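Here is a protein chain to look at.

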Amino acid sequence: MSKNASNRNMAVAASERAHFPAWQTEPCPAWCCIAPHSVNEMPEDRSHFSPYYVSDMPLTLQGEIYRDGFVLDVVAVYLQQHYRETEPRVRIEKNGCNDGIEMTLAEARQLLAGLTDALAKASA
Ligand SMILES: [Zn+2]
């Protein structure tokens with residue numbers, strides 16, 4: 001690489017870094033909907049989040065009985081990646097609670113394959 005090309009790359013990198021806080025060493029993943037992040041985010045809160053890929057999908061077989069009737073549980077699916085992690089995790093949130101299911105991408109692929117297989121068998 002020539003010195004000019006190297007200087008240009010450093011200038012671009014510096015220019016890109018100007019668009020995110022000092023704690024953020026890499027740009028947000030393309031799927032992050034938080035950008036720009038705040039310089040005031042606490043270390044444990046410095047995560048990239050995707051939009052919901054499934055949002056408040058009712059589960060017709062699950063819910064709670066309340067005084068005014070039966071309220072269905074809902075699920076949402078999104079990605080989350082702490083800024084120091086190497087890949088996102090897939091999160092399945094139930095009823096808006098953070099204590100849902102989270103899995104690695106490999107685990108999510110395995111689950112998807114199992115669901116796809118089950119659906120194919122159910123439709124056969
Ligand atoms: Zn982000």
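Q: How many helices and strands does the protein chain have, and what makes a stretch count as one?
A: The protein chain has 2 helices and 5 strands. Helices are DSSP runs of H or I with at least four residues, strands are DSSP runs of E with at least two, and both are numbered from the N terminus. In order from the N terminus, the elements run α-β-β-β-β-β-α. This is a predicted model, in which local features need pLDDT of at least 70, side-chain atom pairs count only at pLDDT 80 or more, and totals for chains, interfaces and linings use all residues. Residues are numbered from 1 along each chain as its sequence is written.

Q: Why is Asp56 called exposed?
A: A residue is exposed if 12 or fewer other C-beta atoms, placed from the backbone, lie within 10 Å of its own, buried if 20 or more do, and partly exposed in between. Asp56 has 12 C-beta neighbours inside 10 Å, so Asp56 counts as exposed. Asp56 lies in strand β2 (residues 54-66).

Q: What is the phi of Asp56, and what is the phi of Asn95?
A: Asp56 has a positive phi of about 50°, and Asn95 a positive phi of about 55°. Neither is a glycine. Most residues other than glycine have a negative phi.

Q: How do you know that the peptide bond from Ala35 to Pro36 is cis?
A: Its omega is near 0°. Pro36 lies in the loop between α1 (3-17) and β1 (47-49).
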